Amino acid sequence: MKKTFKGIYLAIIILFLYMPIVTLMVLSFNEGKTMNAWVGFSLKWYKEMFENRIIMEALTNTLTIAFWAATVATIVGVTACIGLNAMKEKHRSVFMGLNNIPLLNADIVTGISLMLSFLLFGISLNYGTVLFAHITFCIPYVILSVMPKFRQLENHTYEAALDLGASPAYAFFKVVLPDIMPGIISGFLLSFTMSVDDFVITHFTRGVGINTISTLIYSQVRVGIRPTLYALSTIIFVAVLIVLIIVNVISNKKEETRHEKN
Amino acid sequence: MSKKIFSGPFLLFIICGTIVPLGVITFYGITDRSGAFTLENITAITTGEHMEALLLALGLALISTVICLVIAFPLGLILKDSKLGKKGFMVFIFILPMWMNFLLRTMAWQVLLERNGIINQVLGLIGLPDLNIINTPTAVVLGMVYDYLPFMILPIYNALIKIDKNVIEAAYDLGAGYRQVLQKIIIPLSVPGIVSGVTMVFVPSLTTFAVSNMLGGGKVNLIGNIIEQEFTASSNWNLGAGLSLVMMIFIVISMAFIEKFDRNGEGNII
Amino acid sequence: MALIELLDISKSFEGETVLDEFNLKIKENEFITLLGPSGCGKTTTLRILGGFETPDTGKVLFQGQDITNLAPNKRQINTVFQKYALFPNMNIADNIAFGLKISGKSKEYIKDKVKYALKLVNLNGYEKRSVDSLSGGQQQRIAIARAIVNEPRVLLLDEPLGALDLKLRQEMQYELIRLKNELGITFLYVTHDQEEALTMSDKVVVMNQGYIQQMGTPEEIYNEPENAFVAAFIGDSNIIDGIMMEDRMVKICGQVFPCIDEGFGKKKPVDVVIRPEDIIIGKPGSGILDGVVTSNVFIGVHYEMCIEAGGFEWLAQNTVSYPVGTAVSIDVAPENIQIMNKPQSEDEEALALDE
């Protein structure tokens, strides 16, 4: 009785979460243009999508911005952690507090304030301003992922490496870096997805000619959704699913080997 | 000196990307077009249209947050105790939609809810009356719940699984029944997760303009829509910045809330 | 009548048998310890008694009543958990009062009882402190206080001293004995530490791989181990292959030692257990076996030495030091030689091989 109730509860929420996504996926294969009737199976919306210059450009922008934003944010975030760890507790907590502002602030405020700053200082909105904005909001995620790994790190291993004659740089790359790697990877992935997912900040910091997937959808939805967008969402969903499964499988394997060692 | 220098680039980004912009938005918020000091942009919140939008946004955000909490807490409990296959997999299923672009997810609801959309077709087939909630606050709440529910599930689940199993067993051992264990042990100990979940749903719901625009069809005006329009349609940046400052007050309040309950930084989204 | 009876309890997790037709009787007002290596089933036994696990087969009787499927909160049994399991969201007084509030006791009663319990564990005036502000040892005392205020008939203790340092552990051992005597209730204690078991218990149950290996007073367990597992697990000992020549005669390392055991038959292979402190070291030729000291370590009070004699490395303890290389002879008093049957079945073999 109790168990069936739990099962039904889970099923309803899963239905709620996936019904819209599955609907889009099904419609993306519908030959007809409207969703009112199933005309027949077709890949024509996928073809149209790949031939649509605007969509492809937006997709490229989204991915390159996400890649560079995540890369720069990861480098800045990791070096920040090295510096922060060398600081006194008091100073560090001030910086960590500042680090939390973009995380907790509303995207709309972050977006508007960045836009106003760019314009005030005479920087015209373009690809670069979007990238800068994305790096800014990605850094906190990297720091939040990497910092705990740094805190767990045995300070002694770094010191032991120095004691054994390693240079600080060698000791960092050979001893410290491998230990904090999981944090760096999850920080990078988190940044990447946050960047891909962002709409609001991009909306305010992009120039007229620049579109990402998010801003493109937003402008298209106003004029009427075309089935090419269903195809696009299907592809994005499948891509996300594959990446997440790979990441999970890899981390599960690592967990297992760690357990076996114990 | 030494290693501290490594935080230099980070500092640069904090200054250029966070502190200066916050200064700039404040500057715009408290000046008029000619650059003279004024509080009009702030007090503008009291005018009928703005106040209405703020109250509506607060109301809808509150309703969405409560719905998310009511859905997510039992779900977290079920997942915590679940012996269904791999626990990680079940959690994965509930978090997965979070990784998909939220505009696409919102768009999906638009497709489902339209007057002759999928839901109404299905309802028509089984002879039920149409569901006409598109372009109403109800649709906006539905969209908010759908978009932000995973943000509530994850921190609550994380807080719940952190509770020491022995502590719960100890409570049973001392004579408590399930209800008492829930009231006195599980709920108090999951407060950090609940608080970060609430903040993570409330803040974006309060400030959104995309969800209300897409599912409200321009008929549901939230404070986020008003602000966004000041920057796109009306081009009154000073007013938009001033209203943003007012909205920030509400965000600061919720940050203080987090600070109070969540000292250990628990319930991160990661 | 026994207060608690475990009847033919079997329990397995994911196909691994943890308890196999386990039987145990616990008398009123007894300090009984389940002793064994990790994975021997002792904690599972405790959890079955506490109601946190249901056995696959078998019954748990409490004063003759079947409580096998009774929920933990309905049992007159309280547990002190290994890692304290204090409620982090409550102060000390609220922690201790938890069970009393659940059972609806009056405010006055609760207040008095909390005060009394704190006094009992020597933490007077700690009512308003938070859990975090207490040391491990203090938290352990609170966990005990929280359990005993409910006046359980039986207190289950799951390795409660495991997380404490040596000195604190010894202190707490005496505290527990005192508490047990003051409260006059049954203590069921689980540990893998033989010293704890021997110090505190009225009765020790040595367990391995889901079976009881031996049950008895600490003296019986130490002096007369019934099999090689118990002998190896309790204290240091020399376990040697021997042949029972006839009654009161055992052949070890080619020499015949007089002993006091009878009834093993003639020319029967046996296991012989000799405690290191029972080995008498003398001049060469004065004992039964001659040998050479191969190592010597001072371990406080006495020296621990290895003596190579008759093809076996003997562990011996003596207050007199014999430097490495000294030629010596060894002898053992007949009553200090413990003869045990060799394991027969494969099952028993497995038991003996563990450790």
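Modeller: The term to know is pLDDT, the predictor's confidence in each residue, from 0 to 100; contact means heavy atoms within 4.5 Å. This is a predicted model, in which local features need pLDDT of at least 70 and side-chain atom pairs count only at pLDDT 80 or more, while totals for chains, interfaces and linings use all residues. Residues are numbered from 1 along each chain as its sequence is written, chains are lettered from A and ligands numbered from 1 in the order in which they are written, and side-chain values use heavy atoms, with hydrogens and water left out.

Colleague: Where in chain B does pLDDT stay under 50?

Modeller: That occurs over residues 264-270 of chain B, for which the model has 18 contacts beyond four places in sequence. Chain B as a whole averages a pLDDT of 85, and 92% of its residues score at least 70.

Colleague: How is the size of an interface expressed, and what area is buried between chain A and chain B?

Modeller: The size of an interface is often given as the accessible area lost when the parts come together. Buried area is the accessible area (1.4 Å probe) that two parts lose on being put together, summed over both. Between chain A and chain B about 7300 Å² is buried, with 81% of this given by carbon and sulfur atoms. Here 80 residues of chain A are in contact with 77 residues of chain B.

Colleague: What area is buried between chain B and chain C?

Modeller: For chain B and chain C the area is about 1700 Å², of which carbon and sulfur atoms give 63%. No contact joins chain A and chain C; their closest C-alpha atoms lie 15 Å apart.

Colleague: How many salt bridges does the rule find across the interface of chain B and chain C?

Modeller: A salt bridge requires a side-chain nitrogen of Lys or Arg within 4 Å of a carboxyl oxygen of Asp or Glu. The rule finds one across the interface of chain B and chain C, joining the side chains of E169(B) and R47(C) at 2.6 Å, N to O. Across the interface of chain A and chain B, it finds zero.

Colleague: Is N69(C) buried or exposed?

Modeller: Buried means under 20% relative accessible area, exposed over 50%, and partly exposed in between (1.4 Å probe, protein chains only). N69(C) counts as exposed because its relative accessibility is 67%. Leaving aside neighbours within four places in sequence, N69(C) is in contact with T54(C) and R75(C).
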